[in-house]
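Dear colleague,

Please find the structure below, handed over for your records.

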Amino acid sequence: MNAGSFVIGRIHGVELRVHWSWIIILALATVVFGSTELPGRYPNLPEAAFWAIAIVTAFLLLASAVLHELAHVVVAFRNGL
């Protein structure tokens, strides 16, 4: 279960681990947003802004997935698991 993942922290005794495949997902999200989506929607922004926004968006994607999984932990704790 822990193969291929690394620890990013611990909350209330629950180890937070991220699978290595998230590196690929974050890279793909960054490239797609920075090179196609944002330039197509906001052509007047400088290129550095595209990449900064793309990086922030990718990490927000990761944060939302981590928060979603932490919600499972909260439900498990409330149900005595």
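Glu37 and Arg41 form a salt bridge through their side chains, with N and O 3.0 Å apart; the term denotes a side-chain nitrogen of Lys or Arg within 4 Å of a carboxyl oxygen of Asp or Glu. Both residues belong to helix α1, four residues apart, or about one turn of the helix. Helices are DSSP runs (H or I, at least four residues), numbered from the N terminus. Glu37 is partly exposed at 32% relative accessibility, whereas Arg41 is exposed at 58%. Here buried means under 20% relative accessible area, exposed over 50%, and partly exposed in between (1.4 Å probe, protein chains only).

This is a predicted model, in which local features need pLDDT of at least 70 and side-chain atom pairs count only at pLDDT 80 or more, while totals for chains, interfaces and linings use all residues. Residues are numbered from 1 along each chain as its sequence is written, and side-chain values use heavy atoms, with hydrogens and water left out.

The count of salt bridges is three. Arg10, Glu15 and Arg17 are linked in a network: Glu15 pairs with Arg10 at 3.1 Å between the closest N and O atoms, and with Arg17 at 2.8 Å, N to O.

Notes:
Helix = DSSP H or I, 4+ residues; strand = E, 2+ residues; numbered from the N terminus.
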